[in-house]
Amino acid sequence: MRLKKTGFTLVETLCVIGIIISLCAFLMPSLVSAKRAAYSTTALSNVRSTGEAVLIYCGDFDDTFPYGVDDQTKSFPWLYGRYAVLIPTLPLFSDLVLPYAKSRNIFLHPLDLGLHRSENGGMTYVRQPSLFAAVGSSFLYNVDLGNPSATAYGDASDLALLQTAAGFWQCGCAEMPDGVGTPSQIPDHGQGFKYAVCMGDGRGEVVSYGFFNGHLVEIEDLKAT
């Protein structure tokens, strides 16, 4: 009596492989989107935690914001006029508020893949392998709030206190597209760029480039008054 052989034929195996490949192609965009959403949530949580550390610092220093700067400010001090001469002597804000933080890791954006340029004018700004690894924080600080000569803002609740240093991190990109100096030079004007932001009252938001630019204009208007 002959035994019947069991197993898949070549055609059946190829059909199964084809189905698996089709399912992967169908599900991959959803998985990538879910992963980016998770990164965005983590970034928002971290920037809020950093903002909370800043506000606790304020509570210990007569409701004044840290008189410090971020690394990008130290790299381009001439953008701050007469304030520029003080910038090299000031500590990084993250070092000032670190004692109020649960961990240095709250200063990390999970998609911080480093920088080659600043989004503010496209100036060379190399921080590799990541901004966090280079200077200990993936976030930029609103240094105007910490400057004693420019802190007569009254209510800072609607001003951006902290932001992630690059909008393209939320897109999973390592760098802005070639030939682009600022988000406004991208065909969609940087509308795909997103920033995790902590406001002056501790609120956390994920905002577009245009939204955050509006807060920058608001800050400049306040400085002029």
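# Chat notes on a predicted model

User: Where does Asp62 sit?

Analyst: Asp62 is in the loop between α1 and α2. Helices (H or I, at least four residues) and strands (E, at least two) are DSSP runs numbered from the N terminus. This is a predicted model, in which local features need pLDDT of at least 70 and side-chain atom pairs count only at pLDDT 80 or more, while totals for chains, interfaces and linings use all residues. Residues are numbered from 1 along each chain as its sequence is written, and side-chain values use heavy atoms, with hydrogens and water left out.

User: Ok. What is the phi of Asp62?

Analyst: Near 55°, which is a positive value in a residue other than glycine. Most residues other than glycine have a negative phi, and most peptide bonds are trans.

User: Is Asp62 buried or exposed?

Analyst: Asp62 counts as exposed because its relative accessibility is 71%. The cut-offs are under 20% relative accessible area for buried and over 50% for exposed, with partly exposed in between (1.4 Å probe, protein chains only).

User: And what about phi for Asp63?

Analyst: Phi of Asp63 is near 60°, again positive in a residue that is not glycine. Asp63 also belongs to the loop between α1 and α2, and at 65% relative accessibility Asp63 counts as exposed.

User: Which peptide bond is cis?

Analyst: The one from Gln128 to Pro129, with omega near 0°. Pro129 is placed in the loop between β2 and α4 (131–135).

User: Back up a bit. How many helices and strands does the chain have?

Analyst: Six helices and six strands. Along the sequence they run α-α-α-β-β-α-β-α-β-β-β-α.

User: What share of the chain is buried?

Analyst: 43% of the 225 residues count as buried. The chain exposes about 12,400 Å², with 61% of that supplied by carbon and sulfur atoms. The areas come from the Shrake-Rupley method with a 1.4 Å probe, and for residues only the protein chains shown count as cover.

User: Now the core. How many residues are in the largest nonpolar one?

Analyst: It has 27 residues, and Val54, Phe65, Val97, Tyr141, Leu161 and Leu162 have the most contacts inside it. A nonpolar core here is a set of buried Ala, Val, Leu, Ile, Met, Phe, Trp, Tyr and Cys residues joined through side-chain atoms within 4.5 Å.

User: Which elements supply at least two residues each?

Analyst: α1 (10–60), α3 (93–97), β3 (139–141), α5 (143–146), β4 (160–164) and β5 (194–199). α1 gives the most, with six residues.

User: Are Phe76 and Tyr125 buried or exposed?

Analyst: Both are buried. Phe93 and Phe107 form an edge-to-face pair, at 6.4 Å centre to centre and 85° between the planes. Phe93 lies in helix α3 and Phe107 in the loop between α3 and β1 (115–117), so this pair ties together parts 14 residues apart in sequence. Phe93 and Phe107 are both buried.

User: Which residues form the aromatic cluster?

Analyst: Tyr57, Phe61 and Tyr100.

User: Last one: where is Thr164?

Analyst: In strand β4. Thr164 counts as buried because its relative accessibility is 0%. With residues up to four places away left out, Thr164 touches His109, Ser138, Phe139, Lys194, Tyr195 and Ala196.

Methods: Phe/Tyr/Trp six-rings, centres within 6.5 Å; stacked < 30°, edge-to-face > 60°. Contact = heavy atoms within 4.5 Å.
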